[in-house]
Structure formats: structure tokens, C-alpha cells
Amino acid sequence: MAAGCRGAPPAEWRYPRPAMPPIDLRSDTVTLPTPAMRAAIAAAEVGDDVYGDDPTINALEARAAALLGKEAALFVASGTMGNLVAQLAHLARGQEAIASRDSHLVVHEASGHAVVVGASVCMLRDRPDGTFDLDELRAAFRDPGDPHQPVTGLVAIENTHSQSMARPLSVEYTRTVADIAHEHGVPLHVDGARFFNAVVALGVRPAELAGPADSVTFCLSKGLACPVGSVVVGSRDFIWRARRARKLVGGGMRQAGFLAAAGLVALSDGPDGMIPRLAEDHRNARLLAEGLAGLDGIGSPGGITQPTPGPLDPDRAVTNFVVFRVDREPAAFLDALRDRGVLMGPFGRDTIRAVTHFGIRAADIAATVAAVRDALADTAEASPGAARPAVGAASGALA
Ligand SMILES: Cc1ncc(COP(=O)(O)O)c(C=O)c1O
């Protein structure tokens, strides 16, 4: 086995599947394509994209670049691949990126920055609104005149910002971080896996929010409900380097226009487009947070997800995540919830996440709150609840 791919598989690495179709709130990655997407996939004109011959991919890349106000775009297999090729395009081997210590890029991408890019990361703490302390950011740039130090080559931020319960980062904040990065001659990359959730929550144009950044990755396969794929946008030169990097990591996918066709539908104006629909997910997340906040045994997740202890605060749910702590053994609670037909997932240590998405309706939210109430009752006796900290008491647990 190659170095870098070691590690024992857990006994059961797949999520258990219940017999009945569940209300699946584990992630917005579980979304299924719409009828319009399926029709577009079936009818897609395709060609060899490595030769630049796939008209559907070319159209998707042109649409994405125009929407985000950039010169060019690149279709990639996943958000992780988007972040990876962006880093390969921005960073030289041995350079360093400045990024959040809890970010997807640092924690959930199998150390691609180290293994593939050859870059270190200077990790900063984020605050409960998803932002860096700007003085800490300024202090994180290395001294390029000191031969002992790595050379800072990139700043990366995440928008929406997962760990703060998927808060959207504003245009102003993005511009400020970009200005600081640019003062040091360093580009800004936005991991915008849920970039359009931020756009919708903030009520801004995509090009406004992307404007200050040198590159943005956004996912088609989350709330936009496409089966596969992400897009990276940036300058023509940057995208050329990212295209080379995509080849390096084996991401030249040939007739992948069948996948891009769904993306074109998702990004379209008109009734089949999926961007404005994200507002429904945000409303449902808020409804869910309100319903859960009233239940005994549900409380603040703590840390930057919700710094105030005590009950879950519905005001924290501004896009499509609801994260909470349960005064039960989390695995037992999740099992009981699954038996009641609702899937949620663990999110960090001792906290649980529910993600609203395409296919989840307001009626599902009411059913979910009822199932949570029942699952709390099911696990009240069996769990060592009394031995656990009261919900909301350990506010720093995620910090
Ligand atoms: C913030 C963030 N960035 C990147 C990714 C990676 O996306 P993918 O699962 O398509 O690799 C995710 C996935 O959930 C994410 O939440």
C-alpha cells in the first residue's frame, strides 16, 4: 500500500440503511437529481473533455465563470478535488497556506495539502461568526526574508463556514481578508462548497461575493442537487494551472458532459434552476432549530458552533445546518432516531448535525421534531445521561 493511504478501515464504514426510506438529514450530499436534470443528462452532447471537446462541460464552465464574474472555470469531480487543484495551482512545494484549523481543507481532505501539494498549513482559530481575528491573520504571514520559515503562499476561507453552523461570510469580510492577503502578495481561495447558500442567505449576487477572491470552488452535488461535481473559478492563468493539476490527480474525466449537464440545469435561470430554492432549506433549518430548541435534552453544541451554553439557539441556524448537543449517548440517540425513520450524523465530538436540502419539506421537519422527541424518550433509561454533562454546560467542547 502506498505511503499516505495507510490506516485500518473501521469495522463498518458505511452508514447503516434503514428498511424504510428515511428523512435523511445526514448531509445535503444525499440529494437526488431533478427530472429536468435527468432529461438533460440523457440528452447531453458530449466529447473528450481532456481534448476540450465536450460542449456541455465547456458550456457549464462558461456559465460558472460568468455567474461568479471570473475569466474561466474548471469542472472537477468533487469539492475536495477543487480545493486540491486550487492549492496545486496557487502554491509551490514547501509553501504554506493560512487556513482555519477546523476547516474542511485542513481536517477532512486526507491531508491533500501535505501529501499532494507539499504545503504546510498555518492554522488559525475561527470565531463564532466564522471569521478570523484580523490581527491574528496579519500575524500569520511568515517573514519571506527568513530562510528558516516557510513562505506563505495562500489564504483560504470557507463560505458557508461549516463549524459555525454554516454561517455565511459577508462580501465585506471577504474583501478585507483578500486585501490583507494581497498586501502580502498572496492570493485568496474560497472553499465555497456551499457558496450559493451564502449568496442566498446574504441576498447578494454571486459575482459580488466571489469578486474579492482569486479563486472559488463551489459544489454542484450538495444543495444544488446534482449527482456529481464541483467547479473551480478564477483567472485564465490560474485555471490553466488548475487544469494541469486536475490531470496530475487523475481528474480528466473524458465524456463527463453527462455530469455537467445537471450542473447547467442547476445554475440556469428560470424554474429548473436550483439556486433560489436554497432559501427553502434555510427556512426549514430555522424551523427545525426552533422545534429542537423546545425539547428537554437538546442543547447548545458549544464552541464556535454556539458559544452560549443552555438551550439550542435557533438564531444560529441561518443557512442549512442545525448542530446541537444531546444529553444522551450520541450513538444510542442516533440509532433510536434511525429506528424512528430519521437519519442525522455525528458532527465533531459529542455533537449532532442535521442538514436540510432538496427533497426535505416543512412536513418532514415536523415529523423530525416528533421523532427526536421519541428518540430522547427511547434513550432516557438506557443512556448514561446522568453521567454526561448537562447540555450546553461544556461550551468549549468544540473549540
Ligand atoms: C466545506 C466543505 N468543503 C469541501 C467539501 C468537499 O466536497 P466533496 O465531498 O465534494 O469532496 C465539503 C464536503 O462536504 C465541505 O463541506
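**The sheet, its strands and the neighbouring domain**

A: The domain assignment divides the protein chain into domain 1 (23-29 + 277-387) and domain 2 (35-266), with bounds that come from an automatic or database domain assignment. The model is a predicted one, in which local features need pLDDT of at least 70 and side-chain atom pairs count only at pLDDT 80 or more, while totals for chains, interfaces and linings use all residues. Residues are numbered from 1 along each chain as its sequence is written.

The part to examine is an open sheet of seven strands, arranged in the order 2-8-7-6-5-3-4 with mixed pairing. Strands (E, at least two residues) and helices (H or I, at least four) are DSSP runs numbered from the N terminus, and two strands pair if DSSP finds at least two bridges between them. Strand 2 (72-76) and strand 4 (120-124) are at the edges with a single partner strand each, so one side of each has no neighbour in the sheet. On average, neighbouring strands of this sheet are turned by 20° against each other, direction ignored; the axes are lines fitted to C-alpha atoms, for helices over the stretch in contact, and angles run from 0 to 180 degrees between N-to-C directions.

Strand 2 pairs with strand 8 in the antiparallel sense over five bridges, and F75 has V231 of strand 8 as its bridge partner. Strand 8 (residues 230-234) is also joined to strand 7 by five bridges, the two running antiparallel, with V216 and V233 as bridge partners. Strand 7 (residues 215-219) pairs in turn with strand 6 (residues 188-192), here in the parallel sense and over four bridges, and G192 is bridged to F218 in strand 7.

Five of the five residues of strand 8 are buried, so this strand is largely enclosed by the rest of the structure; buried means that 20 or more other C-beta atoms, placed from the backbone, lie within 10 Å of the residue's own, whereas exposed means 12 or fewer and partly exposed lies in between. In a regular strand the side chains alternate between the two faces of the sheet. In strand 8, S230, V232 and G234 point one way and V231 and V233 the other, and all are buried.

Next comes M165, in the loop between strand 5 (151-158) and helix 7 (171-183). M165 counts as buried because 29 C-beta neighbours lie inside 10 Å. Leaving aside residues up to four places away in sequence, M165 touches T305, Q306, R316, A317, F321 and V323, where contact means C-beta atoms, placed from the backbone, within 7 Å.

For the two domains as a whole, 19 residues of domain 1 are in contact with 19 residues of domain 2. On the side of domain 1 that touches domain 2, helix 12 and strand 10 (321-326) each supply at least two residues, and the largest share, four residues, comes from helix 12. The centres of domain 1 and domain 2, taken over C-alpha atoms, are 29 Å apart.

Helix 12 (278-293) is also among the elements that cover the buried residues of helix 14, together with strand 1 (23-24), helix 13 (330-339) and strand 11 (342-343).
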